[in-house]
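Please walk through the model shown below, one site at a time.

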Amino acid sequence: MPEGDDMKVAVLASGSGSNLQALLDACRPPEPAQIALVASNVPGAGALERARRAEVPTWVIADPTDGAAIVAKLREARIDLIVLAGYLKLVPAEVVSAFDGRMVNIHPALLPSFGGKGMYGMRVHQAVLASGATVSGPTVHLVNAEYDRGPILAQWPVPVLPGDTPEQLRDRVLAVEHQLLPAVVLAAAHAGRPVRLTPGGVSFSPSPKPTIPSMTAEPS
Ligand code: GRF
């Protein structure tokens, strides 16, 4: 990414795209980040509709296994950072290596627990509730070859409340995702690369009201 340029971000999403919306709302001037492409493997995905409304270029991924085509499209759009925001297909190894250290994913539980193959959507929240855990919360991590195992960039604890249904827990975690993911992307744009965020002060306690702005990028 040339110095002084905005970080160009591609968002890959398969679903409604509420996290994409949070990014579209946050990545505006004067922030040095721009959502430059939204891609989906699902032609009718809500995420594509949100992108169109924001006048952001969209792309339907015809073959999610065709890594060369995906890399070519991302290079053509001069993408600096890929964000997986509810993207339900395996990202081909070719793309992972072309964007090594420049691709992040958001997961709706505190990794390394409740992650891995088959752990997506409501299954995650059901597993958290079945385990008896009293804390959950989103994780943003770098993507590497292993599902949900790349280095963690940011997490925020969210309480599991007595009598929670999976839907209630999902909604409480999702509200925090909408703050945590933009915080990570904006910090990456300011630093020129993804950085780890750590909670500042003593405010790091399970809370339905996160104070994400108190998170700071770790000095490197
Ligand atoms: C989020 O819970 C995210 O953590 C997971 O997929 C969901 C996407 O939701 N990876 P949305 O499409 O952003 O609303």
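D148 is buried, because its relative accessible area is 10%. D148 lies in the loop between β7 (139-142) and β8 (152-155). Helices here are DSSP runs of H or I with at least four residues, strands are runs of E with at least two, and both are numbered from the N terminus. D148 is not a glycine, yet its phi is positive, about 60 degrees.

The model is predicted: local features need pLDDT of at least 70, side-chain atom pairs count only at pLDDT 80 or more, and totals for chains, interfaces and linings use all residues. Residues are numbered from 1 along each chain as its sequence is written, and side-chain values use heavy atoms, with hydrogens and water left out.

Stay with the backbone. R78 also shows a positive phi, about 55 degrees, although it is not a glycine. R78 sits in the loop between α3 (67-76) and β4 (81-84). Is R78 buried or exposed? R78 counts as exposed because its relative accessibility is 63%. Most residues other than glycine have a negative phi, and most peptide bonds are trans.

Now the cis bonds. The peptide bond from P29 to P30 is cis, with omega near 5 degrees. P30 belongs to the loop between α1 and β2 (33-40). Another cis peptide bond joins L111 and P112, where omega is about 10 degrees. P112 is in the loop between β5 and α5 (122-131).

Which residue's side chain has a polar atom 2.9 Å from the backbone oxygen of L111? It is Q155. Such a polar contact is a pair of N or O atoms within 3.5 Å; within protein, one must be able to donate a hydrogen and the other to accept it, and residues adjacent in sequence count only if both atoms are side-chain atoms. Q155 is found in strand β8. The side chain of Q155 also makes a polar contact of 3.0 Å with the side chain of T139. Q155 is partly exposed, because its relative accessible area is 22%.

The C-alpha atoms of Y120 and L197 are 24 Å apart, and the two residues are 77 apart in sequence.

A54 lies in the loop between α2 (46-53) and β3 (58-60). A54 counts as partly exposed because its relative accessibility is 37%. The C-alpha atoms of A54 and L24 are separated by 7.5 Å, although the residues are 30 apart along the chain.

Turn to the ligand. Where does the ligand sit? The ligand is in the largest pocket. A pocket is found on a 1 Å grid over the protein atoms alone: it is an open set of points where a 1.4 Å probe fits, with protein on both sides within 12 Å along at least five of seven lines, and lining residues have an atom within 4 Å of a point. A molecule sits in a pocket if more than half of its atoms lie within 2 Å of its grid points. The elements that give two or more residues to the shell around the ligand are α1 (18-26), β5 (103-107) and α6 (166-191).

The residues around the ligand include G15, S16, S18, N19, I106, H107 and E177. By class, the shell has 3 nonpolar, 7 polar and 1 charged residues. In this scheme Ala, Val, Leu, Ile, Met, Phe, Trp, Tyr, Cys and Pro are nonpolar, Asp, Glu, Lys and Arg are charged, and the others, Gly among them, are polar.

S16 is in the loop between β1 (7-12) and α1. S16 is partly exposed, because its relative accessible area is 48%. A polar side-chain atom of S16 lies 3.1 Å from a ligand oxygen. An N or O atom in the side chain of S18 is 2.5 Å from an oxygen atom of the ligand. At I106, a polar backbone atom is 2.9 Å from a ligand nitrogen. The protein covers 81% of the 370 Å² of accessible area that the ligand has on its own; accessible areas come from the Shrake-Rupley method with a 1.4 Å probe, and for residues only the protein chains shown count as cover.

Notes
A residue is near a molecule or strand if one of its heavy atoms lies within 4 Å of it. Buried means under 20% relative accessible area, exposed over 50%, partly exposed in between (1.4 Å probe, protein chains only).
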